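Could you take me through this structure one selection at a time? I have it open in my viewer and would like to know what to pick next and what is there.

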Amino acid sequence: MHQLIWRLHRTQVYFAVGALSVLSILLLVTGATMAHDYHVFLANCTATRSCSEGAARLFSGDGSIMDLVNFTLVIPLLFGLFWGAPLLAKEFEEGTHNLAWTQGVTRRRWMESHVIWAIVAAVVWGAAMAALVSWWRVPENAIDSRFAAFDVQGIVPVAYSVFAVALGIAVGSIFRRVLPAIATTLGVFVAIRVAIGVYLRPHYVTPVSTLLPLSGPQSNGPIGSWIISSGIEGPHGHFYGNGFDLSDVPKACRTTFPGGGSVSNSCMAAHGFHQLITYQPDSRFWVFQGIEATGFIVMAIALIGFAFWRVLSRDA
Amino acid sequence: MSNLDRAPAIETTGLGKRYGSVWALQECAITVPQGRVTALVGPNGAGKTTLLRILVGLSAPTTGEARVLGRAPKQSEDFLSSIGYLAQDVPLYKRLSAEDHLQMGAHLNHCWDATAARARLTALKIPTDRPVATLSGGQRAQVGLGLALAKRPQLLLLDEPVAALDPLARREFLSSLAEAVADGHLSVVLSSHLLHDLERVCDHVILLANARTQICQDIDDVLTSHRVLVGPRRNIDNVEPTLDVIKATHTAKQTRLLVHLNGPVLDPVWEASEVGLEDIIMAYMDQDDSLSAGPLSLIGAL
């Protein structure tokens, strides 16, 4: 059985290994350079106590490689498209399920070995990518929030890969044709990832809110935080966001002159206006990784269960 | 075990399969003893594929019951090992070679006779190291047959195995099959919409038409129980009740009947003669088209 699976999927494996190798070489080379630059920078800036100023400029010339790393976002999806979706759909489309499911092993056993191997491969694929990117991001993480690249490092890429392959298998069991299965897997995967990333993830744990004096310097929260929102809060707890009408400003704080007006920050502060920032602190990074990974693994299990049910209880 | 050995190769009662609102197979009651080579014939859409898929456990019936070698078709290694199945259009993994398929079979089956399968393919000069997509239709069919036979099944079911083959490949395929049957204790069912192909190798026939069973008998019995009667022109209502008229054709003076005999032909006006299997089958197919208004003929009318 295992040999059969190897024979059927060896092309995909060769492609996967090839793509990962290219990515690794790219990341290893640029990552080593980045780590070196970072250590040089640290040594210099601690000497001159200028670390906070230089950090923003440190990797500013590496735009395209940063884009590439952000692009590794799609790597788990590729696995679902090219291994998950065709797993059943290709058998149905080419009629080979008739051959496979009339051999001396039951459909359940056939499914078990195919699904287990697909998941093992997905875990390896996701873990390899996550390990590479996590390592590459170490210097970057030190000067930027880890949350900024939440999706491509840590353990979630593994969960995304497993989810993608499970989704592909489940979709293939419904559509029974390769192209519709691939297209649907793509659509559903992107929709679920975006929905969770945008609407659910900020609320896994109640964010921390901090009131800061309006007159002080603009703050982005503690280093490494993920800012959920930031803006002005009025004296009665009304949140104005980043801009508000002049009519909301107490009369005393308005100075009008021909052609415009301005608002005095210190006057506003005296009238009870604050800067309110809501954020997830850096220390919650692994909690969030754990919650998100668990969510995707649970969905993957449900999808695999569904695929088994389709294959075992319905006509082939 | 001895019970199973004596059980019919196939036995179905009231078997039916419905897809949506259309019955693909209805009231199918057949019994095929072991050791027969059975032709499963009928027009396209008669339910041949549906019946075979139910018998191998790929599809579950809507009504009725099927028993294969005394067992209900189900997902057990025991059952799956006892049947060999070659689906329509010979599905194979295109990029794998025949040798890959043989090794795959060895992994997926407890009982697997790779030696005989390799010998058969070699004797037919079929390259076993090339992707099967590069083989001819006839060669692929032989690979498919080889895989089904390598399981050493007790019952081999072949769905339209020769439909897409040229006459030479067809002949070769049927010879391979005949050899395999001669070699061992094997029951075979092979379907076709053309009886002509199968008459040479089969000794039993099932006719499905309009999703129902019309005939399920040994070919010899079919031949002895049907006659062509020729006599002066008369209305078929006046034919004696022991004769089932399958088909009647009239000329100005004569009436020609193809009948199924339930007793001897007593009326001396008839001149009886034997009739070939193909004519009998065609008569049943014609009869069904003209007499019934089932879903299939409705579709035909549209």
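**Stop one: the cores**

Start by selecting A:A166, A:I169 and B:L157: among the 140 residues of the largest nonpolar core, these touch the most other members. Keep in mind as you go that this is a predicted model. Now colour helix 7 of chain A, residues 156–175, which supplies the largest share of this core with 14 residues.

Stay with B:L157 for a moment. Which residues is B:L157 in contact with, once its neighbours within four places in sequence are left aside? Show B:L52, B:L55, B:V56, B:I83, B:Y85 and B:V189, and you have them.

Next, look for a second, separate core of five residues; select A:F147, A:W226, A:L276 and A:I277, which are among its members.

**Stop two: the two domains of chain A**

Domain 1 takes residues 2–205 together with 285–313, and domain 2 takes 208–280. How far apart do the C-alpha centres of these two domains of chain A lie? The distance is 41 Å. Where the domains are in contact, six residues come from domain 1 of chain A and five residues from domain 2 of chain A. On the domain 1 side of that contact, you will find four nonpolar residues, one polar and one charged.

**Stop three: where the chains meet**

Bring both chains into view. The contact between them draws on 20 residues from chain A and 27 residues from chain B. On the chain A side, the elements giving two or more residues are helix 1 (2–48), helix 5 (96–100) and helix 6 (107–143). Helix 1 of chain A gives the most, with four residues. Sorted by class, this side of chain A has seven nonpolar, eight polar and five charged residues.

Finally, zoom in on helix 5 of chain B, residues 114–123, and select its buried residues B:A117, B:R120 and B:L121. Why do they share a side of helix 5 of chain B? They cover an arc of only 95 degrees around the axis, so they fall on the same side of the helix. Now turn to the other side of helix 5 of chain B, where B:T115, B:A119, B:T122 and B:A123 are exposed.

To see what covers the buried residues of helix 5 of chain B, display helix 4 (98–108), helix 6 (137–150) and helix 7 (167–183) of chain B, which are included in that cover.

Notes: Residues are numbered from 1 along each chain as its sequence is written. Chains are lettered from A and ligands numbered from 1 in the order in which they are written. This is a predicted model: local features need pLDDT of at least 70, side-chain atom pairs count only at pLDDT 80 or more; totals for chains, interfaces and linings use all residues. Two residues are in contact if their C-beta atoms, placed from the backbone, lie within 7 Å. Ala, Val, Leu, Ile, Met, Phe, Trp, Tyr, Cys and Pro count as nonpolar, Asp, Glu, Lys and Arg as charged, and the others, Gly among them, as polar. A residue is buried if 20 or more other C-beta atoms lie within 10 Å of its own, exposed if 12 or fewer, and partly exposed in between; C-beta atoms are placed from the backbone. The arc is that of the directions from the helix axis to the C-beta atoms. A nonpolar core is a set of buried Ala, Val, Leu, Ile, Met, Phe, Trp, Tyr and Cys residues joined through C-beta atoms within 7 Å. Domain bounds come from an automatic or database domain assignment.
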